[in-house]
Amino acid sequence: LRHKHDLAQILNKVLKIMATEVTSKTGETVTIPSITNTDRKVIKSQDGDVITVVVDSKRFPVNKTLFTRYPNTMLGRMFSSTMETLPNENGEYEILKGISSGIFRAVVEYYKTGVLNCPSSESMQEIREACDYLLIPFDEKTIHTNNLRDLLHELSNDGAKKQFEDYLKYIMPALVQCARKGERECQIVVLMEDDHIDWDGEFPPSVGEEHIQRIHNNDLCRFFKYFENRDIAKDVLREKGLKKIRIGIEGYPTTKEKVRVRPNSGRLEVVYNYIQRPFVRMSWEKEDAKSRHVDFTCVKIKTEIAPDAEAATLVSPGEEEES
């Protein structure tokens with residue numbers, strides 16, 4: 001870069017000395033334009049716009065115009081005229097704490113080529129976090145890697161979050177129904193659309209099943225099949241202020257199989273068929289700690305003292321009875 005700068009200065013001096021018109025080999029007069037102020041700014045920018053970015057204790061000399069080509073990214077904003085970024089006492093920029101030098105090297109290549117080639121030494125999660133911080137798009141067009149599984153995993157996390165945000169429209173009616181009854185928690189079982197539920201009115205399932213809300217939705221049922229999706233759904237519900245969130249898969253009674261008599265007690269016992277289906281349990285109670293507290297009212301009891309007891313003298317500890 002210093003060599004290019006010196007060459008530009010020499011060329012500038014030579015062109016000033018030379019005449020504006022010279023004669024070519026064919027005898028024709030050729031006009032040589034002088035260097036304008038705009039040209040001088042371009043030549044100066046080749047050296048003056050070079051900055052040093054310190055990442056992970058390593059120094060990267062970069063032309064800041066490389067970043068400003070992408071004004072919607074974090075680095076493009078930092079080195080544009082709209083956002084002032086000051087260097088340290090050495091004239092260097094320490095702005096990317098927490099990002100490894102290997103990832104930043106790949107980021108610089110992205111600004112040159114539009115493609116981020118993931119280094120094999122870095123995890124996909126760290127690359128994803130760096131892209132989110134630097135506002136670099138994380139998609140199949142930008143990210144190139146040999147670790148296809150981890151890339152698809154991150155893309156699935158994005159898709160699952162957006163999909164569950166949309167699926168909330170199926171869950172909200174059940175939550176509102178519980179809230180209108182004065183309840184402050186809700187449990188929902190997600191069934192397939194062709195699941196048949198037929199409970200015997202005389203012999204219903206065990207106590208508690210009747211308080212569970214039911215949703216018949218094939219897409220939501222398949223969504224909760226994956227453990228990672230259930231974790232994403234928990235994060236979304238927490239972001240919306242809900243708590244005591246549990247999402248899993250458990251058995252749900254569908255139809256009565258038989259009624260049998262217990263041998264010891266002689267009581268009738270009903271046996272139901274069960275299917276494994278997802279469930280969601282959550283709460284929006286604010287004073288849950290106070291709900292577990294029971295206030296006891298202390299009632300004052302008036303007792304009558306016997307005549308003999310009135311004559312008795314109470315001796316407190318440490319006092320001796322006089323003879």
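Met124, Gln125 and Arg128 in α6 meet Asp150, Leu151, Glu154 and Asp158 in α7, where contact means heavy atoms within 4.5 Å. Helices here (H or I, at least four residues) and strands (E, at least two) are DSSP runs, numbered from the N terminus. This is a predicted model, in which local features need pLDDT of at least 70 and side-chain atom pairs count only at pLDDT 80 or more, while totals for chains, interfaces and linings use all residues. Residues are numbered from 1 along each chain as its sequence is written, and side-chain values use heavy atoms, with hydrogens and water left out.

Back to the helix pair. The axes of α6 and α7 cross at roughly 50° and come within 9 Å; axes are lines fitted to C-alpha atoms, for helices over the stretch in contact, with angles running from 0 to 180 degrees between N-to-C directions. That angle makes α6 oblique to α7 (under 35 degrees counts as roughly parallel, over 145 as roughly antiparallel, 65 to 115 as roughly perpendicular and the rest as oblique). The crossing of α6 and α7 is right-handed, the term for a near helix turned clockwise from the far one by less than a right angle, with anticlockwise giving left-handed. By class, this contact has 2 nonpolar, 1 polar and 4 charged residues. Ala, Val, Leu, Ile, Met, Phe, Trp, Tyr, Cys and Pro count as nonpolar, Asp, Glu, Lys and Arg as charged, and the others, Gly among them, as polar.

Helix α7 (residues 148-180) also packs on α9 (residues 227-239), their axes coming within 9 Å and crossing at roughly 55°. That makes α7 oblique to α9, and the crossing is right-handed. On the α7 side, the residues are His153, Asn157, Ala160, Lys161, Phe164, Glu165 and Leu168; they meet Glu228, Asn229, Ile232, Ala233, Val236, Leu237 and Glu239 in α9. Sorted by class, the contact of α7 with α9 has 7 nonpolar, 3 polar and 4 charged residues.

As for the whole chain, the protein has 11 helices and 10 strands. Of its 323 residues, 33% count as buried; buried means under 20% relative accessible area, exposed over 50%, and partly exposed in between (1.4 Å probe, protein chains only). Among contacts between residues at least 6 apart in sequence, 61% join residues at least 24 apart.

In soluble globular proteins, nonpolar side chains tend to be buried together. A nonpolar core is taken as a set of buried Ala, Val, Leu, Ile, Met, Phe, Trp, Tyr and Cys residues joined through side-chain atoms within 4.5 Å. The largest such core has 33 residues, and those with the most contacts inside it are Phe67, Leu75, Phe104, Val107 and Leu116. Two or more residues each come from β3 (50-55), β4 (58-63), α3 (65-68), α4 (74-78), α5 (101-113) and α6 (124-134). The most come from α5, with 7 residues. Apart from this core lies another, of 26 residues, among them Ala160, Cys178, Ala233 and Leu242.

Phe104 is in contact with Val53, Val55, Phe60, Phe67, Leu75, Leu96 and Ile99, leaving aside its neighbours within four places in sequence. Phe60 itself sits in strand β4 and is buried, with a relative accessible area of 11%. With neighbours within four places again left aside, Phe60 is in contact with Ile51, Thr52, Val53, Val55, Ser101, Phe104 and Arg105. Phe60 and Val50 are 10 residues apart in sequence and 10.0 Å apart in space, C-alpha to C-alpha. Val55 also features in another pairing: its C-alpha atom and that of Lys97, 42 residues apart along the chain, are separated by 6.9 Å. Lys97 lies in the loop between α4 and α5 and counts as exposed, at 77% relative accessibility.

Most residues other than glycine have a negative phi. Ser57, however, has a positive phi, near 65°; Ser57 is in the loop between β3 and β4 and is exposed, with a relative accessible area of 67%. Leu135 has a positive phi too, near 60°. This leucine is in the loop between α6 and β6 (143-144) and, at 35% relative accessibility, counts as partly exposed.

Lastly, Asn218 is found in helix α8 (residues 218-223). Asn218 is buried, at 18% relative accessible area, and touches Met192 and Glu193, not counting residues up to four places away in sequence.
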